[in-house]
Amino acid sequence: MIEMTETQENPLAKNFDAISLIKFAFPSMAMMLFMGLYTIVDTIFVARFVNTNALSSVNIVCPVINLIVGLGTMLAAGGSAVVAKKMGNGEVSEARSNFTWIVVTGAAVGLMITAAGLLFLDEIIRGLGASEILYPYCRDYLTIQLFFAVGNIMQVLYQNLFVTAGKPTLGLALSVLAGIANIVFDYVFIVSLRMGIGGAALGTGIGYMIPTIIGTIFFWKGGGHGEANLKCGGGIAAGRRWRVLLLGKSELYFCAPEMDISVLLKSCSNGASEMVSQCSAAVTTFLFNAAMMKLSGEDGVAAVTVIIYSQFLLTTLYIGFSMGTAPVISYNYGSGNVKQLKKTVRTCFCFTAGISLFVFMFSMLGGENIAGIFAGNNRNVFGITKRGFSIFSFSFLFSGCNIFASALFTALSNGKASAAISFLRTFGFITVFLLVLPQFFEVTGVWLAVPLAELSTLMLTIYLIFTNWKEYNYL
């Protein structure tokens, strides 16, 4: 009887219908949509208040940012697993030591990236395909971004480690705060102070530093754990009270770490898939830029930048819904509730199909308006972007089901199927189509690459769904 009561109190055990399932997933959808909005607002400031060449430059150096985020995510995801496991085993002191060692390593990696990046700055920018026109913009933007490499890695680390420390709400709050700060500082630096693309990079960098600084304060030894080192107003005691009141206690905090190489190796191996994902994004961004630079010059790179960022915003609904419903699927699969599992999966596919149609129509009908928001000051970029949307929009018909299917197999602990879908849609098929299609169809071939990659992935998705349904009994 007690077990039954506990199960009923578990929100994942609810008998979800379509409406309640969407409500359950709504916070994840809202969070992802917000992240997409503030990312795309950042690029709007650059396009509208600097120029489209500056927008192109942001995308040219984007692979470097992907690499930095990838390294941070690899350490964060893999390290969190190592630390959480030791905390679960009761090895709290060792978990703190590993946690501190991982954070110190992240900071050191950031410093090395800053040093190496500034030392080889010209070679990196040239290697990424910047033209003479785009070179000064790329240099200004990337130089400032490199100075904030430590902050970039640390904020990624902390966002994951807040969850491990039992403070996921703090991570969400800091993510929202960083996004708002980024938008505000973009306006101040770009519009008010007319700092150009350097202002955009500085605003983004300050956004990185908000979770970094508050995260460091949060994990600093003190605030209810031993002696506090943080002073505020009335001295150490007042500083301790301030920290506990604002941030709360945590079993995780900094200590003198044991420099254990095996911990780093385990963390990197655990988080390797996240690094691969970011590297895939870096390579495909480079290929998009190279193809458009060759075919349409700087204006072509600006157009593909608009569409890539718009794609990120429009797919946040799929990603957020998949994130929000995956725990429900995992719970029902683990509990053996086949009836609810089937009901949930069918509802998810129906909702995803409906949203896919909505996003496709919105993109087709609103493509001209979206192009105008970014490129209203440059008629050539506007024309290229408008034509691109009329082709690229078809990718939204297929991407939703692919994204959800990947999340579905992850929820069912079928990592191979999930990885196959994710890798092929984000890297494998796109790379092949970007290398082949422009040779025959020029710019049209570039725009066709993603829709055809999503369609090809959908065929694989359908195959995997129907070949695995007997094992998992989800249809």
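A residue counts as buried when its relative accessible area is under 20%, as exposed when it is over 50%, and as partly exposed in between (1.4 Å probe, protein chains only). The model looked at here is a predicted one, where local features need pLDDT of at least 70, side-chain atom pairs count only at pLDDT 80 or more, and totals for chains, interfaces and linings use all residues. Residues are numbered from 1 along each chain as its sequence is written, and side-chain values use heavy atoms, with hydrogens and water left out.

Now to the charged pairs. Four salt bridges turn up in the structure, a salt bridge being a side-chain nitrogen of Lys or Arg within 4 Å of a carboxyl oxygen of Asp or Glu. One of them pairs Asp122 with Arg139, with 2.5 Å between the closest N and O atoms. Asp122 sits in helix α6 (residues 121-127) and Arg139 in helix α7 (residues 135-147), so this contact ties together parts that are 17 residues apart in sequence. Helices here are DSSP runs (H or I, at least four residues), numbered from the N terminus. Asp122 is partly exposed at 35% relative accessibility, and Arg139 is likewise partly exposed, at 35%.

Another salt bridge joins Arg126 to Glu132, the closest N and O atoms lying 3.0 Å apart. Arg126 comes out as partly exposed at 41%, whereas Glu132, at 59%, is exposed.

Further along, Glu368 and Lys386 meet through their side chains in a salt bridge of 3.7 Å, N to O. This pair links distant parts of the chain, 18 residues apart: Glu368 belongs to helix α15 (residues 338-375) and Lys386 to helix α16 (residues 379-392). Glu368 is partly exposed at 41%, and Lys386 is partly exposed at 38%.

Notes:
Helix = DSSP H or I, 4+ residues; strand = E, 2+ residues; numbered from the N terminus.
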